Amino acid sequence: MKILVKSNEIIYLSWVKHILRENSIDFLVFDEFISAIEGNITAFPIRILVNENDYDIAKKIITDETQ
């Protein structure tokens, strides 16, 4: 697994997850609830990871969609 996105922006992360689902790219989300445990200080970015085989296409899709 490889980190595709690391951010605290909930809307952006939701959008990334939507785009990945729409393109049938499997992903994992790490640290999504850590900020709730730590008092919602957003010191811990949420990470979205994809399989190494899907990384290049996922990165291209996210980059193309943001331009």
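Start by selecting Ile10, Ile11, Arg21 and Glu22: these exposed residues sit on the face of α1 that is turned away from the helix's buried side. The model is predicted.

Next, select the whole of α1, residues 10-22. This helix has 13 residues, and the distance from its first C-alpha to its last is 18 Å, close to the 18 Å expected at 1.5 Å a residue.

Within α1, colour the buried residues, which are Leu13, Val16, Lys17, Ile19 and Leu20. They lie on the same side of α1 because the arc they cover around the axis is only 160 degrees. An α-helix has 3.6 residues a turn, so residues three or four places apart point the same way.

What do the buried residues of α1 pack against? Show β1 (2-7), β2 (27-30), β3 (46-50) and α3 (52-66), which are their packing partners.

Just after α1, stop at serine 24, where phi is positive at about 55 degrees.

Then move to helix α3 and select aspartate 64. Its relative accessibility is 42%, so aspartate 64 counts as partly exposed.

The protein has 3 helices and 3 strands, following the pattern β-α-β-α-β-α along the sequence. Of its 67 residues, 28% are buried. Among contacts between residues at least 6 apart in sequence, 63% join residues at least 24 apart.

How values were computed
Residues numbered from 1 in each chain as written. Predicted model: local features only at pLDDT ≥ 70, side-chain atom pairs only at ≥ 80, totals over all residues. Heavy atoms only, no water. Helix = DSSP H or I, 4+ residues; strand = E, 2+ residues; numbered from the N terminus. Expected span 1.5 Å × (residues − 1). Buried < 20%, exposed > 50% of the residue type's maximum accessible area, 1.4 Å probe, protein only. Arc of directions from axis to C-beta. Contact = heavy atoms within 4.5 Å.
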